[in-house]
Amino acid sequence: MAGQTPRRAMVLAAGLGERMRPITNTLPKPLVKVAGQAMLDFVLDRLAASGVERAVVNVHYLADQIERHVASRTRPQIVISDERAKLLNTGGGVVKALPELGREPFFHVNSDTIWIDSVTPNLTRLAEAFDPGTMDALLLLAPVATSIGYAGRGDFMMGPDGRLQKRGEQEVAPYVYAGAAILTPKLFDGATAEPFSLTRMFDKAREARRLHGLRLEGVWMHVGTPDAIALAEQAIRDSAE
């Protein structure tokens with residue numbers, strides 16, 4: 001049903017955080033602090049505020065630290081999806097977690113994505129815009145021009161109807177995937193819990209004309225390197241003034 005807020009979420013927290021070294025030599029990237037708060041908590045707090053009751057958090061690198069960090073959380077309820085034995089990448093990790101995610105559309109959020117909301121929280125806007133009748137994936141997209149700490153060439157072009165087209169190899173696109181989406185479990189039909197990128201599922205939805213985007217309202221911060229932390233903290237301070 002359109003406009004229904006997902007009650008479950010997948011939070012990706014298993015990555016190696018290689019570009020964040022040397023900080024991540026001893027600390028998993030989701031626990032790196034920005035403005036005094038672990039990036040993972042930014043995500044979990046937003047999910048709780050949007051009404052999510054259960055969040056599946058996958059772990060691999062320095063997994064014990066993440067498990068200890070979330071052990072005391074009750075909102076949302078945390079379920080650990082253990083990938084210590086084999087890192088399954090962004091797509092395979094979801095397949096492994098599907099039994100905990102259920103049969104309804106769910107939020108899918110990178111644990112290292114941070115944004116400053118405008119008037120209406122962006123997760124609420126995603127939920128209001130998601131239509132399972134026409135969509136298998138609805139991606140939150142940040143405008144490249146106003147994003148903090150992002151120097152890439154963008155990911156998608158968006159049509160007037162919200163449908164997405166992927167950037168060509170030599171092209172520049174106006175929108176970058178902001179690391180948050182609503183996905184349907186059926187998008188993963190036939191996929192196995194082996195390492196593969198979620199991009200494959202986005203391509204599958206796009207080819208079926210069921211990949212849509214929603215422009216982020218507010219400011220998105222790409223915190224991929226140690227230098228980007230200070231940029232994000234400045235943006236957070238500016239937004240509070």
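This is a tour of one structure, stop by stop, for a reader with a viewer open.

The model is predicted: local features need pLDDT of at least 70, side-chain atom pairs count only at pLDDT 80 or more, and totals for chains, interfaces and linings use all residues. Residues are numbered from 1 along each chain as its sequence is written, and side-chain values use heavy atoms, with hydrogens and water left out.

**Helix α1**

Select residues 39-49, which form helix α1. Helices (H or I, at least four residues) and strands (E, at least two) are DSSP runs, numbered from the N terminus. Eight of the 11 residues in α1 are buried, where buried means under 20% relative accessible area, exposed over 50% and partly exposed in between, with a 1.4 Å probe and protein chains only. To show the buried residues of α1, colour Met39, Leu40, Asp41, Phe42, Val43, Leu44, Leu47 and Ala48. After the helix comes Gly51, with a positive phi near 105 degrees.

**α1 against α2**

The axes of α1 and α2 come within 12 Å and cross at roughly 45 degrees. Axes here are lines fitted to C-alpha atoms, for helices over the stretch in contact, and angles run from 0 to 180 degrees between N-to-C directions. Angles under 35 degrees count as roughly parallel, over 145 as roughly antiparallel, 65 to 115 as roughly perpendicular and the rest as oblique. The two helices α1 and α2 are therefore oblique to each other.

Which residues of α1 and α2 meet? Leu40, Asp41 and Leu44 in α1 meet Ile66, His69 and Val70 in α2; contact means heavy atoms within 4.5 Å. The residues of this contact divide into four nonpolar, one polar and one charged. In that count Ala, Val, Leu, Ile, Met, Phe, Trp, Tyr, Cys and Pro are nonpolar, Asp, Glu, Lys and Arg are charged, and the others, Gly among them, are polar.

**The cores**

Next, show the side chains of Val11, Leu44, Leu47, Phe107, Leu126, Leu140 and Trp220. Of the 37 residues in the largest nonpolar core, these touch the most other members. A nonpolar core is a set of buried Ala, Val, Leu, Ile, Met, Phe, Trp, Tyr and Cys residues joined through side-chain atoms within 4.5 Å. A second, separate core has 28 residues, among them Tyr175, Leu183, Phe188 and Ala205. In soluble globular proteins, nonpolar side chains tend to be buried together.

**Asp136**

Move to Asp136, in the loop between α4 and β8. Asp136 is buried, with a relative accessible area of 8%. Neighbours within four places in sequence aside, Asp136 is in contact with Ile182, Leu183, Thr184, Lys186, Leu187, Ala205 and Arg210.

**Arg54**

Select Arg54 in strand β4. Is Arg54 buried or exposed? Arg54 counts as buried, at 19% relative accessibility. Leaving aside neighbours within four places in sequence, the contacts of Arg54 are Arg7, Arg8, Ala9, Pro76, Gln77, Val79 and Glu100.

**Two cis peptide bonds**

Pro76 lies in the loop between α2 and β5 (77-82). The peptide bond from Arg75 to Pro76 is cis, with omega near -10 degrees. For another cis bond, go to Arg21 and Pro22, where omega is about 10 degrees; Pro22 sits in the loop between β1 and β2 (33-34).

**Two positive phi values**

Leu62, in the loop between β4 and α2, has a phi near 50 degrees, a positive value in a residue other than glycine. Leu62 is partly exposed, at 28% relative accessibility.

The last stop is Arg209, in the loop between α5 (199-207) and β12 (211-215). Arg209 is not a glycine, although its phi is positive, about 60 degrees. At 49% relative accessibility, Arg209 counts as partly exposed. Its C-alpha is 8.3 Å from that of Thr134, 75 residues apart along the chain. Not counting residues up to four places away in sequence, Arg209 touches Thr134, Asp161 and Arg163.
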